[in-house]
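Hello,

Here is the structure I promised to pass on. Please have a look at it first, and then read my notes below.

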Amino acid sequence: MYLSEIVIENFRQFVKTNPAFTLSFKPGVTAIVGENDSGKTAIIDAIRYALLTRDTDHVRVQPDDFHVDPSGVPASESVIRCRLSDLSDDDKGAFAEHLTYEDGELSLYVYWRARNLTLAESGRRFADVSVRSGKDGAGANIELQARQLLAAAYLKPLRDAEREMAPGNRSRLSQVLLRFPGIDSGRSFEPGAAIDSEAASALSLSGLAEYFRHLVNEHEGVQGAQSAINERYLSKLALGGENLHGRVSYIDSGSDKARLRQILERLQLNLLAGPDGGSKGRYGLGSNNLLYMACELLLLGTESEGLPLLLIEEPEAHLQPQRQLRLMEFLETAASIPGSRSVQVVLTTHSPNLASKIPLNNLVLLQGQRAFAMAEGQTMLEKGDYRFLQRFLDSTRANLFFARGLIVVEGDAEAIVIPALARMLGCDLTTHGVSILNVGGTGLRRYARIFQRKNSSEAQPSIPVACLADLDVMPNRAPEIFGMVEGDSDSKWDDLRYRRWRARRDLATKGVSESDGVELRRAKLRGGDSPPVKTFVADNWTLEYDLAKSGLAEEVYTAALLAKNDDSLNEERKSREEVIAGAEIAFKALTNQCIDDQELLCIHIYRLFKVDQVSKAVTAQYLVEVIEGEAERDSGYKDALKSRLPRYIADAIAYVSRNSGPSSGEVENA
């Protein structure tokens with residue numbers, strides 16, 4: 001039996017909608033990701049309210065649990081409906097009167113409803129809670145005893161694992177061990193029986209408790225104290241005919257189960273320095289959290305009845321990145337440890353480390369009161385895309401699941417330059433919750449398809465995703481300047497099958513002009529667009545060329561020469577001022593050489609990258625410094641910069657920040 005679906009209406013941020021908020025789960029691990037306040041904790045709490053949990057915390061519905069509309073009016077009722085599927089014969093027997101037959105199988109629906117009521121006399125608000133079976137709550141009432149069979153293990157966020165595993169009344173460890181099979185196996189103690197070490201080791205835990213009580217009662221000191229009380233005091237205080245007699249005895253715990261519970265409540269679980277059980281190791285919150293999870297999984301995997309469901313909020317709490325990855329590997333295998341029941345794990349996380357390790361098929365993105373499963377068949381990703389992303393979706397790129405907006409770029413240069421340009425436009429990407437996703441030249445569309453839904457008629461994520469793509473078609477004069485051809489008649493122009501580069505003239509085919517061919521290529525690059533993904537194609541060629549052509553030619557040239565001399569600058573063989581002064585002179589000479597020919601000027605600037613192999617990433621670092629330095633020296637530089645940026649970059653920044661405050665409007669008008 002596992003939790004296969006939850007429906008939530010008017011519970012906290014989840015308003016009643018049509019269709020209602022619905023989240024489907026799979027056996028094994030399901031990870032819920034999303035930005036803060038997206039509803040991750042509300043989902044975990046909804047499961048806790050409907051199914052209960054195994055801990056000692058009492059679940060009480062609070063006024064804030066009812067959804068409040070924008071005018072401040074709380075909902076009159078909240079509804080949570082859980083569907084449990086794949087029931088065993090024992091499950092069907094335990095819940096026979098509560099089952100629903102649909103889609104060719106028997107399911108168990110738990111329909112939790114809380115009515116928001118107010119006492120007329122005092123005005124005090126309270127919740128009237130009912131839990132029934134049936135898809136619409138029309139079935140029989142589910143009694144508390146039956147609900148306890150559905151109770152999930154719950155690990156709260158920022159948990160104190162050491163305290164949870166400590167001894168004490170109703171300690172969590174005692175509850176886990178009390179349910180462990182064979183915990184009290186062995187013989188009972190029979191007073192008067194001869195007990196040696198071998199016989200003692202054969203006693204059950206409750207038998208040992210009774211044996212211990214017997215030994216205490218028969219102890220010489222206890223018997224001596226008892227005799228002293230009776231002979232020295234009580235015998236002298238009694239009236240005529242009275243026979244006062246006291247007895248000192250170890251208190252009887254009652255039933256065997258009570259004795260067992262007392263023993264278990266004295267136990268604690270600690271990490272040791274090694275497997276030999278030597279001295280206690282010095283471990284912190286993170287390691288103790290792993291111990292706590294292992295304890296809960298022990299119970300879920302060995303119980304013969306009940307719902308094997310573990311809820312974990314932020315399993316990454318107190319764990320270093322390497323342990324987070326190890327934990328995720330463990331949770332995936334814990335669902336099917338040999339000799340144990342299959343355990344279902346539902347977790348919420350803010351960790352890109354965990355999100356990168358969890359298969360996309362097991363991820364659910366929360367956004368805008370909607371749950372978007374990343375499973376095959378739900379997104380526009382193909383089977384090969386899932387295999388690709390499983391290899392290359394690392395912790396840095398997994399940041400995309402927690403962003404309010406996303407700019408997908410092809411290389412390091414864009415990843416460095418775009419945030420700086422956005423700041424110049426008055427739109428700090430960090431402030432707007434926008435992330436840059438650098439795909440390293442491959443998979444631009446694959447990452448974007450994560451956010452595109454297979455069924456276009458369903459709600460789409462409203463996280464704007466801007467893909468920045470180079471046009472990758474050079475001006476017609478560039479190949480000759482770069483030494484790739486020798487004149488217009490060079491035979492290499494005709495060898496389209498044997499060269500990877502393309503010039504604008506190559507796009508002119510029969511019946512299609514050169515300019516039309518360029519637009520067809522641009523349209524092809526945008527061909528995979530659908531909400532919320534939009535592709536912004538370079539106006540002319542690549543980022544560096546377009547920055548130069550749009551009005552930043554001198555800045556790009558200066559940054560490229562700084563990058564070319566990067567080793568000399570780092571080793572202090574040259575000064576920054578010396579390189580910049582030389583760049584000014586060289587740029588003036590290049591400008592004079594290309595009088596009134598901006599395209600030719602930019603081709604020669606780009607020659608530094610194409611022929612001289614100057615690093616684009618290092619150039620991008622210097623370019624940001626050059627631009628920011630100019631802005632510090634000239635108060636009007638920022639305003640002038642807005643008109644000197646490539647249009648496609650400004651449009652992309654505006655698109656991803658469209659729902660994030662007033663800065664977006666400034667960008668739109670740039």
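Let me start with a definition: rings of Phe, Tyr and Trp (for Trp, its six-membered ring) pair if their centres lie within 6.5 Å, and planes under 30 degrees apart count as stacked, over 60 as edge-to-face and the rest as tilted. By that rule, F482, W541, Y545, Y606 and F609 are joined by ring pairs into a cluster.

Before going further, some housekeeping. This is a predicted model, in which local features need pLDDT of at least 70 and side-chain atom pairs count only at pLDDT 80 or more, while totals for chains, interfaces and linings use all residues. Residues are numbered from 1 along each chain as its sequence is written, and side-chain values use heavy atoms, with hydrogens and water left out.

**The aromatic pairs**

The whole structure holds 14 aromatic pairs. One of them is formed by F482 and Y606, which is tilted, with 6.4 Å from centre to centre and 40° between the planes. This pair links distant parts of the chain, 124 residues apart: F482 is in the loop between α16 (478–481) and α17 (514–525), and Y606 is in helix α21 (residues 598–610). Helices here are DSSP runs of H or I with at least four residues, strands are runs of E with at least two, and both are numbered from the N terminus. (Buried means under 20% relative accessible area, exposed over 50%, and partly exposed in between, with a 1.4 Å probe and protein chains only.)

**The chain overall**

The protein chain has 25 helices and 16 strands. Of its 670 residues, 47% count as buried. Its accessible surface is about 33,300 Å², and carbon and sulfur atoms account for 47% of that; the areas come from the Shrake-Rupley method with a 1.4 Å probe, and for residues only the protein chains shown count as cover. Taking contacts (heavy atoms within 4.5 Å) between residues at least 6 apart in sequence, 71% join residues at least 24 apart.

Strands pair if DSSP finds at least two bridges between them; β13 (residues 405–409) and β15 (residues 465–469) run parallel and are joined by 3. L406 stands opposite V465 in β15.

**Salt bridges**

A search of the whole structure gives 28 salt bridges, each a side-chain nitrogen of Lys or Arg within 4 Å of a carboxyl oxygen of Asp or Glu.

R423 is partly exposed at 39% relative accessibility, and E628 is partly exposed at 28%.

E102 and K135 form another salt bridge, with the closest N and O atoms 3.5 Å apart. E102 lies in strand β5 (residues 99–102) and K135 in the loop between β7 (125–133) and α3 (144–147), so the pair ties together parts that are 33 residues apart in sequence. E102 is buried at 14% relative accessible area, whereas K135 is partly exposed at 37%.

D651 and R647 are both in helix α24 (residues 647–656), 4 residues apart, about one turn of the helix. Their closest N and O atoms are 2.7 Å apart. D651 is partly exposed at 25% relative accessibility, as is R647 at 36%.

The network of salt bridges links R12, D45, R48 and D65.
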